[in-house]
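Open the model in your viewer and keep the sequence beside it. This tour tells you what to select next and what to look for there.

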Amino acid sequence: MTSRYSSSDPSGALNSRAPRRRTVVKAAAATAVLAAPLAAALPARAAEAPAFLHGVASGDPLPDGILLWTRVTPTSAAIPGSGAGPDTEVGWTVAKDKAFTTIVAKGSLTATAASDHTVKADIRGLEPATDYWFRFSAGGTDSPVARTRTTPAADAPVAGLRFGVVSCANWEAGYFSAYRHLAARGDLDAWLHLGDYIYEYKSGEYGTRGTVVRPHAPAGEILTLADYRTRHGRYKTDPDLQALHHRAPVVAIWDDHEFADNAWSGGAVNHTEGAEGTWTARQAAAKQAYFEWMPVRPAIEGTTYRRLRFGKLADLSLLDLRSFRSQQASTAGGSVDDPDRTITGRAQLDWLKSGLKASDTTWRLVGNSVMISPFAVGSLSADLLKPLAKLLGLPQEGIALNTDQWDGYTDDRRELLAHLRSQAIRNTVFLTGDIHMAWANDVPVDAGTYPLSPSAATEFVVTSMTSDNLDDIVKVPEGVVSALASPVIRAANRHVHWVDTDRHGYGVLDVTATRAQMDYYVISDRANPNATSSWSRSYRTLTGSQTVERTYDPV
């Protein structure tokens, strides 16, 4: 079911488990929580002067353009989600240098309460494969200055590309050190956020190893447009997140927590119809807030599926695996092999297949929010199976697959992988988040007979930035669970080259004509705002191979 919140941004979907009572959070409560700290953050010299408290950002780069974003706070009362504050003119300037001596474009927009005082400037007329600097201004106040970069021309030969890759950033579970370390690199063409940029749960309810490191705002579960705006606003105050947005353009897709846990096209596990309003209204509110607060162009039917190109080296197909999917089999009943059940929806699957076939680039990257590689738990002991089932949202008595990922929609996966094989489409690499573990996988046509059955693609899965993984759920020291679980998982899944079930971090994907390599980095302590980062492992796929291999040095 869909509903439109604007002419260009329609709605999507979610799922239901056992209903439980919840308290609807009112916008007034969110205002009370945030008014004092945000007012205190305004410049002391003039409390009512416009301020850029949420930083600036850029995204969805093109050869000739970039999407610029900011949120202005025109008065101390005009906090996110409040619906308060006057219309405010916001200027933007783009230059070829950080000192703004060579200005190439400028203009202005009006920030209004109707868009939560967020603005986007879709700039065109720029040069390909070029660094630019930009800033906003309002009422005599300048925003921070940020760097962005356009993509290469469509027909340009490209020697290499480098992307940061992240997912699953739970505010309450820790600090966003991964963003800071990616920002410090200074060598990224862009960074990919593969979903769960925000989390919807009420304070203390989701994945913090029993400790709330820093509380959400609003404190309750987010349900209304004001709630979603307030939560996005809280995230955008994080200094490490701002730092990365100031260093490189983001290319983002959503997963379930931008809406509610285990979302599907008609509901969510973490949504109680009626007690929490209608799913249609909640999803529309979540999508509106997302497109207001993220430097993402609403794509086909107001979703996040779209395609970007990086010269002749790679194109990037970005998926929306929440808006069109059928309800998960574990809750709805029925077979995971039912051809009438879908994770992509017919139109999106056809779009993906045709785009992969028509691609003339060396690499076909796919931004994919949930794991496509088959996964069976094998003979895990009960003490490991139960927390793994909890992490995957499965019945904890034990079930051998995660029906929220492609394992729950095997007909779509079979059709896609058969298409890759029958059309001889090579060098397809799925880039995935969601599962709070790091993986390096081949994607077999038939996992049951692999490696006799061929691999149709490869997959690099990045772990969570802060959201609980297996050691957090079991509450044991880092590495203990992985040492026990990883060999069992790999024995039951011969296409899995590596899995780390325990550590938090991020990835850096480096692409050349001969290989695509993922370097996996881990964070020392998610609860420490000054956490260090260290390289963990690297895997690559060589052109034409459709398989993953380990390599022993980061790029």
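Two strands pair if DSSP finds at least two bridges between them. Helices (H or I, at least four residues) and strands (E, at least two) are DSSP runs, numbered from the N terminus. This is a predicted model, where local features need pLDDT of at least 70, side-chain atom pairs count only at pLDDT 80 or more, and totals for chains, interfaces and linings use all residues. Residues are numbered from 1 along each chain as its sequence is written, and side-chain values use heavy atoms, with hydrogens and water left out.

**Stop 1: the whole protein**

Show everything as a cartoon. The protein has 11 helices and 24 strands. Of its 555 residues, 61% are buried. Buried means under 20% relative accessible area, exposed over 50%, and partly exposed in between (1.4 Å probe, protein chains only).

**Stop 2: an open sheet**

Select β14 to β20. Here 7 strands form an open sheet with mixed pairing, in the order β14-β15-β16-β17-β19-β18-β20. β14 and β20 (496-500) stand at the edges with a single partner strand each, so one side of each has no neighbour in the sheet. On average, neighbouring strands of this sheet are turned by 20° against each other, direction ignored. For such angles, axes are lines fitted to C-alpha atoms, for helices over the stretch in contact, and angles run from 0 to 180 degrees between N-to-C directions.

**Stop 3: strand β15**

Select residues 314-318, which make up β15.

Find R307, which stands opposite S317. The hairpin of β14 and β15 has 3 residues between the strands, and G311 takes a positive phi near 60°.

L316 has L365 as its bridge partner in β16.

**Stop 4: strand β17 and its cover**

Select β17 (residues 428-432), which contains T428. T428 counts as buried because its relative accessibility is 2%. Which residues does T428 touch, not counting residues up to four places away in sequence? They are L356, R364, V366, L420, A457 and T458. Contact means heavy atoms within 4.5 Å.

Next, show β19 (residues 455-461). It runs parallel to β17, joined by 4 bridges. F430 stands opposite E459 in β19.

**Stop 5: strand β9**

Move to residues 161-166. In this strand, β9, 5 of the 6 residues are buried. β9 pairs with β21 in the antiparallel sense over 5 bridges. R162 stands opposite D510 in β21. With β10 (residues 190-193), β9 pairs in the parallel sense over 4 bridges. G164 has W191 as its bridge partner in β10.

Step back to the loop between β8 (146-149) and β9, and click on P157. Buried or exposed? P157 counts as exposed because its relative accessibility is 75%. P157 and A513 are 356 residues apart in sequence, but their C-alpha atoms are 9.7 Å apart in space.

**Stop 6: the largest nonpolar core**

A nonpolar core is a set of buried Ala, Val, Leu, Ile, Met, Phe, Trp, Tyr and Cys residues joined through side-chain atoms within 4.5 Å. Select F176, Y179, W191 and Y506, which touch the most other members of the largest core, a set of 43 residues. α5 gives the most to this core, with 6 residues. A second, separate core of 32 residues includes A190, L194, W498 and Y520.

**Stop 7: two packed helices**

Finish with α3 (residues 225-235) and α5 (residues 279-293). They pack at an angle of about 35°, with their axes 8 Å apart. Among the residues that meet are L225 and Y228 in α3, and A285 and W293 in α5.
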